[in-house]
Amino acid sequence: MSAGWTVLQFTPPEAFVPFAEVGRLEPPLRWHTFLRFREFIYQVSGIYIADNRRHFLKVRLLRRLEVLGLSSFEEYHAYVTDVTPAAARERQELLNAIVVTDTHFFRSPEHFAALARHILPELARKREQLRLWSAGCATGEEAYSLAMVVHRHLLPAYPGIAVNIVGTDISSEAIAQARQGRYLLPSLHGMTEEYRHYVQEHFGEYAVVPEIRDLVDFFVHNLVDEESLRSVAPVDVLFCRNVLLYFTPEVRKRVVPGLVEVLQPGGYLFVGEVETLTGLTGALQLVHFPRALVYQKPDT
Ligand SMILES: C[S@@+](CC[C@H](N)C(=O)[O-])C[C@H]1O[C@@H](n2cnc3c(N)ncnc32)[C@H](O)[C@@H]1O
């Protein structure tokens with residue numbers, strides 16, 4: 001590793017603590033305090049921490065207690081739910097600590113194949129400007145994968161087209177990593193040779209090349225904040241994959257209509273392979289591509 005290059009991905013602290021040990025770690029996370037944190041996190045982010053994830057929450061929040069020099073979870077709860085500017089900053093740190101940002105380049109490669117072969121050419125024939133949004137992009141691999149597909153397949157065929165790609169996430173830490181555009185090898189395991197020249201190896205890390213980085217803008221954005229969702233400019237392609245599964249059905253029912261609203265008529269919405277919008281919206285139709293199912297907003 002050369003000077004100035006930091007290790008970007010970390011093994012979560014709970015990976016080092018045997019599950020049975022977590023309950024014995026001091027201070028205790030009492031059941032009623034766990035419930036109060038769960039409710040608070042749910043209100044702020046839509047993320048629901050199941051009963052059996054109490055140890056996960058404890059290990060993730062212990063780091064915050066250490067940083068702030070607090071000796072109990074009750075004190076931390078009082079600190080983070082306060083109305084001070086410091087509490088607002090700490091709410092972001094709490095969210096950074098609890099989100100699950102697992103991702104990699106070209107996750108579900110059939111989605112990107114459908115985009116390259118069918119969806120982008122279809123949209124480019126109809127529009128002079130395209131906007132793509134990776135919502136819940138974690139550390140940025142999904143948004144950069146979109147940019148690589150655009151650069152490799154769309155721009156050579158439609159050199160005059162204007163393309164804008166945005167990646168957003170509730171985690172400011174993940175967005176800071178995304179902006180750096182530097183990754184370790186495991187992030188690349190879904191990337192075929194076709195795209196390998198878009199990253200350059202540098203002492204064991206892989207940097208996204210400038211022409212791809214320049215295509216993407218990253219922002220912190222909370223999908224559960226209805227006002228922020230309404231302020232998003234209309235998009236032609238929306239990736240919101242492996243995000244809705246962290247929400248309760250009630251939160252999905254609020255977020256999905258907002259996503260539909262943001263989608264241009266004729267635009268496409270991708271959700272994760274294990275996710276479905278059944279029962280959440282009647283405004284989209286399911287389109288079948290080879291080994292990929294994608295939702296489309298009917299063209300009016
Ligand atoms: C498992 S990652 C999915 C990353 C990528 N979309 C993929 O499929 O590989 C889930 C991401 O959703 C983000 N997330 C969770 N709740 C969110 C919210 N309310 N608003 C925006 N992003 C959220 C998390 O921070 C995390 O980075």
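Trainee: In which helix is the place of proline 249?

Mentor: Proline 249 belongs to helix α12, which covers residues 249-262. Helices here are DSSP runs of H or I with at least four residues, strands are runs of E with at least two, and both are numbered from the N terminus. This is a predicted model, in which local features need pLDDT of at least 70 and side-chain atom pairs count only at pLDDT 80 or more, while totals for chains, interfaces and linings use all residues. Residues are numbered from 1 along each chain as its sequence is written, and side-chain values use heavy atoms, with hydrogens and water left out.

Trainee: Why is proline 249 called partly exposed?

Mentor: Buried means under 20% relative accessible area, exposed means over 50%, and partly exposed is in between, with a 1.4 Å probe and protein chains only. Proline 249 has a relative accessible area of 45%, so it is partly exposed.

Trainee: How far apart are proline 249 and arginine 30?

Mentor: They are 219 residues apart in sequence, and their C-alpha atoms are 27 Å apart in space.

Trainee: How many helices and strands does the protein chain have, and what makes it as compact as a globular protein of that length?

Mentor: The chain has twelve helices and ten strands. Its radius of gyration is 20 Å, close to the 19 Å that the globule rule gives for 300 residues, so the chain is as compact as a globular protein of that length. The radius is taken over C-alpha atoms, and the rule is 2.2 Å times the number of residues to the power 0.38. Along the principal axes, the C-alpha atoms fill a box of roughly 60 × 50 × 35 Å. Buried residues make up 50% of the 300 residues.

Trainee: What share of the contacts joins residues at least 24 apart?

Mentor: The share is 75%, among contacts between residues at least 6 apart in sequence. Contact means heavy atoms within 4.5 Å.

Trainee: How many positive and negative side chains are there, and how far apart are the centres of the two sets?

Mentor: There are 30 positive and 35 negative side chains, and the two centres lie 2 Å apart. Lys and Arg count as positive and Asp and Glu as negative, with His and the chain ends not counted. Each charge is placed at NZ of Lys, CZ of Arg, CG of Asp or CD of Glu.

Trainee: What is the strand order in the open sheet of three strands, and which are the edge strands?

Mentor: The order is β3-β5-β4, with antiparallel pairing. The edge strands are β3 (182-183) and β4 (199-202), each of which pairs on one side only.

Trainee: How do you know that β3 and β5 pair?

Mentor: Two strands pair if DSSP finds at least two bridges between them. β3 and strand β5 (residues 205-208) have two bridges, in the antiparallel sense. Tyrosine 183 has tyrosine 206 in β5 as its bridge partner.

Trainee: Over how many bridges do β9 and β10 pair, and what lies between them?

Mentor: Strand β9 (residues 285-289) and strand β10 (residues 292-296) pair over five bridges in the antiparallel sense. Glutamine 285 stands opposite glutamine 296 in β10. The two strands form a hairpin with two residues between them, and arginine 291 in the turn has a positive phi of about 55°.

Trainee: What makes strand β2 mostly covered?

Mentor: Six of the eight residues in β2 (residues 162-169) are buried. Strand β1 (residues 129-135) pairs with β2 in the parallel sense over seven bridges. Leucine 130 has valine 163 in β2 as its bridge partner.

Trainee: Why are phenylalanine 106 and serine 108 called buried?

Mentor: Phenylalanine 106 has a relative accessible area of 4%, and serine 108 is at 11%. Both values are set against the limit of under 20%, so both residues count as buried. Phenylalanine 106 lies in the loop between α5 (85-98) and α6 (109-126), and serine 108 is in the loop between α5 and α6. Phi is near 55° for phenylalanine 106 and near 55° for serine 108.

Trainee: Why does tyrosine 198 count as buried, and which residues does it touch?

Mentor: Tyrosine 198 is at 3% relative accessibility, so it counts as buried. Not counting residues up to four places away in sequence, tyrosine 198 touches Met148, His151, Arg152, Ala207, Val208, Val209 and Ile212. Tyrosine 198 is found in the loop between α9 (193-196) and β4.
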